[in-house]
Amino acid sequence: MSIDALPLTQDRTRELLAAIARVAVPILLALAVGGAILLILGKNPLTYYGYVVQRGLLSWGGFQETMTRMAPLLLIAAGLIVAFRAGIWNLGGDGQYLLAAVVTAALAPALIETLPRGLTLLICMIASVAVAAAWSLIPALLKARYGINEIITSLMMSFLGTSFANVLVKLFFRDPATTVPQTRSLEVVDRLPRIFGTNVHSGILIALAVVILVHLMMTRTAFGLRLQIVGANPAAAVHAGLKVGWLTVATFALSAGLIGLAGSVEILGVWGTVRADWNPAYGLLVVPLVFLARFNGIAVIGFALFFSVLMIGGESASRRIGVPQDFVLMLVGLLLVFLALVEYLDHLRRKRAGV
Amino acid sequence: MSELLTQPFLISLLFGAVTAGVPLLLAGLGEQISEKAGVLNIGIEGMMLFGAYTGFVAAYYSGSFWMGFLAGGLGGMLVASVVVLLCIRQGLNQIVIGIALTIGAEGLTALLHFFQFSKTYPRLDKAPVLEIPGLASIPVIGPALFSHNIVVYLAVGLVVFLGWLFRASYVGLNLEAAGAKPAALDAAGISVVATRSMAVLSTGFLAGLGGAYLANVGAGLFVPFMTHGAGFIGIVLAMLARGRPVWVLLGAILFGVSLAMTTALQVAGVNVPTDVVQMLPFAMVMLVLVIFARHSVLPPALGLPYVRGDR
């Protein structure tokens with residue numbers, strides 16, 4: 001026994017190191033290549049990265065913004081985890097997010113006139129979740145009935161949704177009092193309450209609770225297990241008697257609903273209104289985040305913080321240092337490529353080791 | 001309604017439909033080649049956008065539209081070569097890399113554009129037009145269909161060429177085998193990796209050319225994120241065309257018309273909000289998918305890396 005135990009612990013340490021490397025190496029490579037591109041463009045990458053950390057993490061104001069930004073990222077990540085674990089590519093996040101945001105922005109100022117704040121916020125969130133879920137219905141049904149690739153259909157619905165959200169803002173819910181088309185604003189006092197006198201709204205608490213619940217649902221419940229089986233092997237799932245079609249629709253609705261909740265919380269917590277042509281385009285941005293966390297709802301919290309720092313710091317850097325925010329987008333693309341590459345090399349290593 | 005069907009309206013609609021449809025056609029044909037060979041090329045949006053950027057920059061600095069088109073095609077190929085290296089040769093997940101390339105190209109082109117032109121959007125001169133002798137003087141149809149940039153005629157010629165290639169050449173058979181039963185192609189002594197690599201590089205060239213046309217001829221300038229899903233529409237076209245280039249052409253015309261509606265309606269003096277019109281092509285895609293969902297066919301080995309001896 002003692003002879004067997006020794007290599008086992010060694011293996012375990014090695015596995016742990018490998019797990020850390022699988023995450024750290026792609027991040028470092030992406031930052032390095034991104035830095036090289038900055039250098040070519042005549043900007044000092046160290047200044048840029050230093051500024052991003054300084055602004056996004058180490059300054060109190062920036063840190064509060066970072067925490068605030070984490071809320072939508074986490075909720076979208078929760079939505080993507082549900083879908084990806086079930087083997088479904090819901091890439092329609094932007095449309096689902098924006099439509100949900102518009103529904104909240106349209107409802108909230110009207111409801112607050114007659115209802116108490118808590119009820120208003122709750123109704124807005126539920127309505128947004130429902131609308132976002134409904135927006136995913138066509139791709140879900142096409143996938144479930146005819147096996148039509150959901151990547152394409154959800155993307156198409158996303159483009160459709162972003163334009164439709166604009167139509168709603170400009171033609172139906174426009175506040176006549178403003179020159180720039182936007183919906184009526186929800187007063188700051190009526191928005192989601194702040195946490196302990198900070199500027200961080202309580203949406204982050206909702207997001208943390210949701211992402212942990214989603215993680216527990218996916219790993220500890222029968223429903224989550226069913227989804228994972230569908231994701232791992234749809235043919236086996238059919239043989240096991242699972243209603244794959246129904247599960248596909250349910251997964252899509254849940255995934256889109258969570259992304260919708262992100263849109264609703266962002267409006268109720270931060271903006272109070274939707275301006276025309278507003279589109280933060282988090283939908284694809286969160287994809288690498290979820291992959292980095294290997295679809296793990298707990299790990300995703302740390303990566304959401306990392307992304308959030310990058311975004312808040314990057315936004316500030318674009319104003320101060322003159323490196324546009326698009327740099328972060330490119331960094332995310334690089335990150336995804338290196339992630340896939342490192343994953344693949346790791347796969348080769350395991351294969352060679354015979355594990 | 002009758003005053004809508006005036007000559008200027010019709011010319012504007014048809015001309016616009018061709019201009020808007022050609023990038024979709026090139027992307028759709030390109031994607032079709034990849035899909036035939038069993039590669040789901042989600043990164044085509046990124047290839048198109050990068051081609052639009054390199055094509056515009058080359059045309060802007062050289063003053064030659066030919067250089068622009070060439071650079072656009074090569075730019076698309078450059079992005080496609082990443083797919084070849086990572087997905088075809090190493091078997092990495094085509095969807096993940098595709099998304100990464102699209103996001104990466106969006107960020108990179110916006111970044112490069114910013115550092116070159118800051119927040120200005122310089123315009124190119126009007127693209128040269130080749131009027132087909134005789135046909136171009138037919139009223140309405142002449143100016144609408146037969147006085148376009150040469151790329152338009154090349155793209156339509158490509159439909160015929162690919163139709164022949166897929167149906168009656170060994171290259172076409174090899175492509176189809178690479179998508180339907182790669183092991184059989186391998187057994188016949190032809191490299192699956194090489195076949196797929198050629199297919200993806202061709203896709204990259206066509207998508208990049210489509211992007212360059214979009215920027216240099218369609219818009220006359222480069223704006224970050226300007227492809228706005230055109231590459232993805234190309235994927236839909238390829239999906240619905242069931243391997244037949246003619247259907248890609250018909251689909252491209254359909255979506256071209258819905259894209260051209262905005263300007264045509266403005267010419268006619270009807271003021272429709274742009275957002276409503278922007279929904280049209282995507283709504284059209286969804287409608288077509290819902291109606292023809294049962295008929296879309298994809299090769300069995302689509303999206304799967306080929307590993308010799310692997311079951």
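## Helical fold and selected residues

Chain A contains 14 helices and zero strands. The model is a predicted one.

### Overall dimensions and surface

The C-alpha trace of chain A spans about 75 × 55 × 40 Å along its principal axes. In chain A, 54% of the 355 residues count as buried. Among contacts in chain A with a separation of 6 or more, 77% are accounted for by residues 24 or more positions apart.

The accessible surface of chain A is about 15,500 Å², and carbon and sulfur atoms contribute 68% of this area. Chain A carries 26 positive and 16 negative side chains; the centres of these two sets are 4 Å apart.

Helix α4 of chain A, residues 93–111, includes A:Ala100. Is A:Ala100 buried or exposed? With a relative accessible area of 0%, A:Ala100 is buried, because the cut-off for burial is under 20%. Leaving aside residues up to four places away in sequence, A:Ala100 touches A:Ser128, A:Ala132 and A:Gly260. The C-alpha atom of A:Ala100 is separated by 8.8 Å from that of A:Ala165, a residue 65 residues apart from A:Ala100 along the chain.

### Positive phi in two loops

Most residues other than glycine have a negative phi. A:Phe196, which is not a glycine, has a positive phi of about 40 degrees. A:Phe196 sits in the loop of chain A between α7 (150–172) and α8 (203–220). B:Arg242 is another residue other than glycine with a positive phi, here near 50 degrees. The location of B:Arg242 is the loop between α10 (230–240) and α11 (245–267) of chain B. Both side chains belong to residues that count as exposed: A:Phe196 at 80% and B:Arg242 at 52% relative accessible area.

### Cysteines and accessibility

A disulfide is a covalent bond between the sulfur atoms of two cysteines. Over all chains, the count of disulfides is zero. Two cysteines, A:Cys124 and B:Cys87, are buried. The table lists their relative accessible areas with those of the residues described above.

| Residue | Relative accessible area | Class |
|---|---|---|
| A:Ala100 | 0% | buried |
| A:Cys124 | 0% | buried |
| B:Cys87 | 1% | buried |
| A:Phe196 | 80% | exposed |
| B:Arg242 | 52% | exposed |

How values were computed: Residues are numbered from 1 along each chain as its sequence is written. Chains are lettered from A and ligands numbered from 1 in the order in which they are written. This is a predicted model: local features need pLDDT of at least 70, side-chain atom pairs count only at pLDDT 80 or more; totals for chains, interfaces and linings use all residues. Side-chain values use heavy atoms; hydrogens and water are left out. Helices (H or I, at least four residues) and strands (E, at least two) are DSSP runs, numbered from the N terminus. Buried means under 20% relative accessible area, exposed over 50%, partly exposed in between (1.4 Å probe, protein chains only). Contact means heavy atoms within 4.5 Å. Accessible areas come from the Shrake-Rupley method with a 1.4 Å probe; for residues, only the protein chains shown count as cover. Lys and Arg count as positive and Asp and Glu as negative; His and the chain ends are not counted. The place of a charge is taken as NZ of Lys, CZ of Arg, CG of Asp or CD of Glu. A disulfide is a pair of cysteine sulfur atoms within 2.5 Å.
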